[in-house]
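Here is a short report on one protein model. Keep the sequence and the 3D view open while you read.

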Amino acid sequence: MAAIPVVVIEDEVAIREGVATALRHAGFEAIEAADGAVGLDAARRSGVGLVLLDLMLPKMDGMQVLKELRRTHATLPVIVLTARGAEDERVAGLRAGADDYVVKPFSARELVARVEAVLRRSPERPAEVVRITVGVAQVDLGRREIFSPVCEAQALSETECSILTHLAANHGRVISRDELLTRLWGLSGSGIETRTVDMHVARLRAKLATANGDVDEEYIVTVRGKGYMLGSSVKAVGPDGTD
Ligand code: CA
């Protein structure tokens, strides 16, 4: 199994290198970042399993990094590194969506134990999905086609397929338009209008409805003010045939 990448965002060189070394010894891949802006970019790279985040950082402070990261990566595990006695920081960090905190100075062994504990209890890493059942229709993600007993096969665009795949890999979680924009087009925040996402979702919905003889069922649910998620009648199937 490939090593899980862990991003270490810490400006103090000695601490950052010590943490990175301990992680590598424990079998993780350590990605080092010396300021908040570089750290945020690194944390958003695909495949990252966990982020260790110092709060006092140059360029962008840790709380800001955490808030930005949560807009696009709602469940990526984050452990905040705080100074001894800074209880306000700890509370603010947890409130802003950190999963845990470690108080400095910490031992390498303690830190690695926390990383492993948070990874164990964090929501499942996105599942790999190869096929999706939507009502009576089957979506083959490899071929980018919808097969249905009630109509001819329909092709999906690459974007429609990516949206459906991302929703299916995170079944049960609401995915914001911002997250879809970042994941699909690599954009954070503005740039492409979030309306663009809505447009692709509308096309995808129309195809799924057609494949189901236009029954009145929401396969992609709009969660007001939050984003989209798959309806409960949609089943995602992984490479080994399990859902
Ligand atoms: Ca610092």
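A polar contact is a pair of N or O atoms within 3.5 Å; within protein, one must be able to donate a hydrogen and the other to accept it. With that in hand, look at the start of helix α3. D61 caps the N-terminal end of this helix, with a side-chain oxygen 2.9 Å from the backbone nitrogen of M63. Note that the model is predicted.

**Overall layout**

The protein chain has 243 residues, and 45% of them count as buried. It holds 8 helices and 12 strands. Along the principal axes, its C-alpha atoms fill a box of roughly 65 × 35 × 25 Å. Among contacts with a separation of 6 or more, 57% come from residues 24 or more positions apart.

The chain is divided into domain 1, residues 5–120, and domain 2, residues 131–237.

**Where the domains meet**

The centres of the two domains, taken over C-alpha atoms, are 32 Å apart. At the interface, 6 residues of domain 1 are in contact with 8 residues of domain 2. Together the domains bury about 580 Å² between them, and 44% of that is on carbon and sulfur atoms. Which residues of domain 1 lose the most area to domain 2? They are R71, T72 and H73, together 68% of what that side buries.

**Helix α3**

R71 lies in helix α3, which covers residues 62–72. T72 is in helix α3 too. Is T72 buried or exposed? T72 is buried, because its relative accessible area is 1% and the cut-off for buried is under 20%. R71 has a relative accessible area of 31%, so it counts as partly exposed.

The contacts of T72 reach well along the sequence. Not counting residues up to four places away, T72 touches R44, D178, E179, T182 and R183.

The buried residues of α3 are G62, M63, V65, L66, L69, R70 and T72. An α-helix has 3.6 residues a turn, so residues three or four places apart point the same way.

**The calcium site**

Which residues coordinate the calcium ion? They are D11 and D54, each through OD, and M56 through its O atom, at 2.1 to 2.3 Å. Along the chain, the donors follow the spacing D-x42-D-x1-M. D54 is buried, because its relative accessibility is 4%. M56 is exposed, because its relative accessibility is 62%.

**The five-stranded sheet**

An open sheet of 5 strands has the order β9-β8-β7-β6-β12, with antiparallel pairing. Its edge strands are β9 (154–155) and β12 (234–237), each of which pairs on one side only. Strands of a sheet pair through backbone hydrogen bonds, either parallel or antiparallel.

| Strand pair | Sense | Bridges |
|---|---|---|
| β7 (residues 137–140) and β8 (residues 145–147) | antiparallel | 3 bridges |
| β6 (residues 131–134) and β7 | antiparallel | 4 bridges |
| β6 and β12 | antiparallel | 4 bridges |

Q138 stands opposite F147 in β8. R131 stands opposite D140 in β7, and R131 also stands opposite V237 in β12. β6 and β7 form a hairpin with 2 residues between them. In that turn, G135 has a positive phi of about 60 degrees.

**R205 in helix α8**

R205 sits in helix α8, residues 194–210. Its relative accessible area is 28%, so R205 counts as partly exposed. Leaving aside neighbours within four places in sequence, R205 is in contact with E218, I220, V221, T222 and Y228. With one of these, T222, R205 makes a side-chain polar contact of 2.7 Å. L164 is 41 residues from R205 in sequence, and their C-alpha atoms are 10.0 Å apart.

Note on methods. Residues numbered from 1 in each chain as written. Predicted model: local features only at pLDDT ≥ 70, side-chain atom pairs only at ≥ 80, totals over all residues. Heavy atoms only, no water. Buried < 20%, exposed > 50% of the residue type's maximum accessible area, 1.4 Å probe, protein only. Contact = heavy atoms within 4.5 Å. Donors = N, O, S within 2.8 Å, 3.2 Å for Na, K, Ca; no water. Pairing = 2+ DSSP bridges. Domains from an automatic or database assignment. Buried area = accessible area lost by both parts, 1.4 Å probe.
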